[in-house]
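User: I am new to this structure and would like to learn how its features are read. Could you take me through some of them, giving the general idea and then the case here?

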Amino acid sequence: MGSIKVGWASRNISTDRPVNLPGQFYMRPSKGVKDPIYANALVLDDGEDIVTFLSLDMVVIRHGLLDDIRSEVSYRSPDFPIEKIIVNATHTHCGPSISDEALTMNKDELSKLGVELASSDEYRNFLIKRCVDAILESYNNREEGGIAYGYGYAVVGHSRRVVYFDDISKRGGSVDGYAIDGHAKMYGNANDDRFSHYEAGADHFINLLYTFDKNDKLTGAIINVPAPSQNSEHEYMLTADFWHDAREIIRGTHGDIHILPQCAAAGDLAPRILHYKQAQDRRFKLKYGELAVEDAARRDIAERISKAFDEVFSWARKDIKTDVSVVHEVETVHLTKRRISQTELEFAQKSLKDLENTETIIDSDSPVDIIASISKFRAQKNRFKRIIDRFNEQDNEPKLPMELHVVKVGEVAFATNRFELYMDYMHRIQARSPFMQTFIVQLAGVSGDDGGTYLATERGADNKGYSACMFCNLVSPEGGQELVDETVKMLRKIANK
């Protein structure tokens with residue numbers, strides 16, 4: 001073990017070509033770029049082991065994207081340790097689609113409405129090339145340097161699951177192809193006489209790992225925040241959401257450094273408040289003038305992230321470490337799936353049959369509205385179809401395989417998962433971890449076709465609602481605890497290596 005080597009690179013992965021923006025249940029043809037989205041790569045190498053982090057301003061890593069990136073890296077650089085590449089999504093809801101198979105309307109249907117979309121495969125090829133360019137450049141750029149780390153506080157995420165005293169499915173709550181509400185509702189109305197509480201608290205920690213060159217000059221940082229970047233989630237333009245604002249503010253102080261965002265466990269968290277809305281509106285109006293509410297929220301969040309960045313940097317830089325070991329282990333763990341009951345199957349079968357005998361109701365002449373209505377209706381049917389398929393397969397495939405990475409970087413560690421992971425699981429891992437700080441990285445790509453999906457806790461599954469019902473959870477709370485135990489086991493294994 002000698003001095004750690006650090007390499008950085010970034011690529012703009014925006015496109016002016018019209019593409020579908022996934023992240024909602026309806027298709028959104030893009031109308032340009034609100035602000036640029038990026039692929040950011042960091043290589044840490046101690047001469048014996050290595051990790052390559054790649055962060056993408058996208059909603060999720062799906063459709064074999066990780067495998068394709070690794071394959072292209074291997075083609076262009078055969079000796080590169082491709083199994084040590086970790087790719088995560090920031091979960092902006094305004095990144096491009098990477099698979100035509102995910103579209104619920106075909107190009108002929110869209111063309112009749114006067115809407116032309118670039119092929120998702122066209123963007124995918126562009127994206128893969130840019131990602132591989134960033135990975136190889138960061139690898140080739142690595143030079144002796146150092147790291148520093150610490151944590152601070154930045155209020156970003158809040159619980160987005162509102163719990164009521166009664167079962168709201170019995171008074172008009174959703175029981176359809178999108179969600180099955182119970183005592184909880186995602187983004188529920190808190191101004192309700194039967195509002196009880198938010199299901200979870202929040203996590204205001206911000207974990208930071210700074211990198212330096214051999215002259216102790218700051219070159220970049222990993223910023224790990226337990227909140228998805230989804231303030232601008234209904235936009236029809238590409239945007240990195242609050243990460244764009246955060247990059248601008250931080251670079252305004254520290255120069256053109258690299259910034260690699262990671263979303264920590266935040267399946268039940270979101271960067272928006274569900275009560276105190278009038279007070280928030282007043283705050284934003286007085287602070288930012290006529291800026292739109294979600295743009296103001298982005299700016300407000302970015303300012304808090306940047307202040308935490310500066311506060312931690314002021315003292316973490318006193319302990320720059322150059323003699324740092326890197327240990328990177330990768331294993332496939334098998335997690336117990338969430339089973340579909342006979343009652344749920346029968347509900348899905350009846351609901352699908354009813355939908356197949358129903359026509360889409362369209363009360364607008366706008367192509368955008370027509371596309372939204374048709375694609376949302378088809379998405380609803382597809383969700384019931386998937387429930388039926390899962391029931392038929394669950395006895396043969398009771399476990400979900402998942403590629404799990406744990407990485408030791410001196411006294412801190414990183415642990416990945418493919419899910420929108422509920423916050424409690426992160427705390428269970430961090431509390432038992434042998435490391436000084438443990439960065440949880442959710443929505444990390446896995447080998448294979450899929451990624452994403454929520455992983456709810458026991459109390460979430462009991463309360464139901466979007467993100468904690470049969471449509472949203474491939475893995476059960478039992479499987480969630482298996483993920484915790486396997487992660488802790490691997491962290492303990494690498495702690496003394």
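**Reading a predicted model**

Analyst: Ser467 is buried, since its relative accessible area is 0%, where buried means under 20%, exposed over 50% and partly exposed in between, with a 1.4 Å probe and protein chains only. This is a predicted model, in which local features need pLDDT of at least 70 and side-chain atom pairs count only at pLDDT 80 or more, while totals for chains, interfaces and linings use all residues. Residues are numbered from 1 along each chain as its sequence is written, and side-chain values use heavy atoms, with hydrogens and water left out.

User: Where does Ser467 lie, and what is its phi?

Analyst: Ser467 belongs to the loop between α10 (458-463) and α11 (477-495), helices (H or I, at least four residues) and strands (E, at least two) being DSSP runs numbered from the N terminus. Its phi is near 85°, a positive value in a residue other than glycine. A positive phi of about 60° is also found at His63, again not a glycine, in the loop between β3 (50-56) and α1 (65-76). His63 has 29% relative accessibility and therefore counts as partly exposed.

User: How is a nonpolar core read, and which residues of the largest one touch the most other members?

Analyst: In soluble globular proteins, nonpolar side chains tend to be buried together. A nonpolar core is a set of buried Ala, Val, Leu, Ile, Met, Phe, Trp, Tyr and Cys residues joined through side-chain atoms within 4.5 Å. Here the largest has 52 residues, of which Met402, Phe419, Leu421 and Phe471 touch the most other members. Its largest share, 7 residues, is given by α11. A second, separate core holds 34 residues, including Leu54, Val87, Ile128 and Cys131. As for Leu421, its contacts (heavy atoms within 4.5 Å), leaving aside neighbours within four places in sequence, include Ala265, Met426 and Leu483.

User: At what angle do helix α4 and helix α6 pack?

Analyst: Axes are lines fitted to C-alpha atoms, for helices over the stretch in contact, and angles run from 0 to 180 degrees between N-to-C directions. Helix α4 (residues 242-254) and helix α6 (residues 293-316) pack at about 40°, with axes 8 Å apart. The two are therefore oblique to each other, as angles under 35 degrees count as roughly parallel, over 145 as roughly antiparallel, 65 to 115 as roughly perpendicular and the rest as oblique. Among the residues that meet are Phe242 and Trp243 in α4, and Phe309 and Phe313 in α6.
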